[in-house]
Amino acid sequence: MLEILVGLIALSFGAGLVGAISGLGGGVFIVPALVIAAHMPMGVAVGASLISVVATSAGASVAFVRDGWTNLRVAMVLECATVTGAVVGALLAGFIPAVILEVLFALMMLQSAYFTISKQDDVLIAHGDPLARRLQLVGDVPDDVGSLTHYETVNLPAGSALMVVAGLMSGLLGIGSGALKVIAMDYYMHIPLKVSSATSNFMIGVTAGAGALVFLARGDVSTAIAAPVALGVTAGALLGSRILPHANVHILRLVFVVILVLIAIEMGWRAIQGI
């Protein structure tokens with residue numbers, strides 16, 4: 001029993017560390033680990049994962065918000081879309097077979113990897129479109145020498161549409177959908193990658209919290225699993241939040257893609273075996 005507990009905490013620590021640095025959240029690692037390594041039902045893994053995602057967000061967001069990396073106004077506007085999708089996804093999760101959920105998991109990771117690798121550098125927008133400027137979705141980001149560079153945003157409708165999908169996937173699969181959130185902000189709205197990752201870390205907790213409430217009401221959350229997972233993920237997320245401001249953007253993007261592809265292969269293979 002002690003070995004299982006220590007293993008869960010160690011696994012969760014690693015998931016929280018990488019999840020905070022990449023903006024993915026720990027759920028993309030926790031769900032496959034619990035399903036494949038611990039042979040848990042998909043529903044139980046998703047419920048525990050949603051709790052861990054809330055813990056990851058809480059642990060990582062403290063430092064990001066304090067240091068000014070998180071764009072709170074962007075997060076609040078986009079959360080209207082993600083929370084709506086998360087509640088619908090969590091309600092649907094109880095009726096969809098595990099094989100279909102695993103296939104969706106794999107496809108979403110591959111799509112995220114493609115969008116991430118197809119964009120090489122941050123393209124900062126000096127003058128955003130009228131809707132984004134009216135909502136004041138702007139900010140400043142420090143460059144390599146510490147000087148602040150102003151940026152504005154564009155394509156809010158496209159970013160919000162992808163956020164609805166991100167929320168839906170979060171409720172269905174027990175992940176923070178940080179990959180889709182980072183892509184929506186970085187790729188479509190042209191928000192700098194580090195700001196997108198920090199803002200995603202803040203948003204995934206709110207999104208996952210909405211889905212977790214539905215799972216809790218349905219009795220699909222095992223506290224014996226969720227508690228050690230949340231503890232390890234929070235510790236890893238705190239360390240990850242310290243590392244992110246000093247990380248190289250190009251290396252961060254490469255690591256992000258490798259992680260996504262590995263997860264897609266892992267979950268896709270499991271879905272094929274289950275058919």
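**Helix packing and selected residues in a predicted model**

Mentor: In this predicted model, Gln136 has a relative accessibility of 49% and therefore counts as partly exposed.

Trainee: Where is Gln136 placed, between which two elements?

Mentor: Gln136 is not a glycine, yet its phi is positive, near 60 degrees. Its place is in the loop between α6 (130-134) and β1 (138-142).

Trainee: Which loop holds His190, a residue with positive phi that is not a glycine?

Mentor: The phi of His190 is about 60 degrees. As for its position, His190 lies in the loop between α8 and α9 (193-218).

Trainee: Are helices α7 and α8 roughly parallel or roughly antiparallel?

Mentor: Helix α7 spans residues 156-173 and helix α8 residues 178-188, and their axes lie 9 Å apart at an angle of about 170 degrees. Angles over 145 degrees count as roughly antiparallel. Therefore α7 is, relative to α8, roughly antiparallel.

Trainee: How many residues of the contact of α7 with α8 are nonpolar?

Mentor: From α7, the contact draws on Ala158, Gly159, Leu162, Met163, Val165, Ala166 and Met169. Helix α8 contributes Leu180, Lys181, Ile183, Ala184, Met185 and Tyr188. One residue of the contact is polar and one is charged, while the number of nonpolar residues is 11.

Trainee: Does Thr82 count as buried or exposed?

Mentor: Thr82 belongs to helix α4 (residues 72-93). Leaving aside residues up to four places away in sequence, Thr82 touches Met163, Gly167, Lys181, Met203 and Thr207. Buried means under 20% relative accessible area. Because its relative accessibility is 0%, Thr82 counts as buried.

Notes: Residues numbered from 1 in each chain as written. Predicted model: local features only at pLDDT ≥ 70, side-chain atom pairs only at ≥ 80, totals over all residues. Heavy atoms only, no water. Axes fitted to C-alpha atoms, helices over the stretch in contact; angles between N-to-C directions. Helix = DSSP H or I, 4+ residues; strand = E, 2+ residues; numbered from the N terminus. Parallel < 35°, antiparallel > 145°, perpendicular 65-115°, else oblique. Contact = heavy atoms within 4.5 Å. Nonpolar A, V, L, I, M, F, W, Y, C, P; charged D, E, K, R; others polar. Buried < 20%, exposed > 50% of the residue type's maximum accessible area, 1.4 Å probe, protein only.
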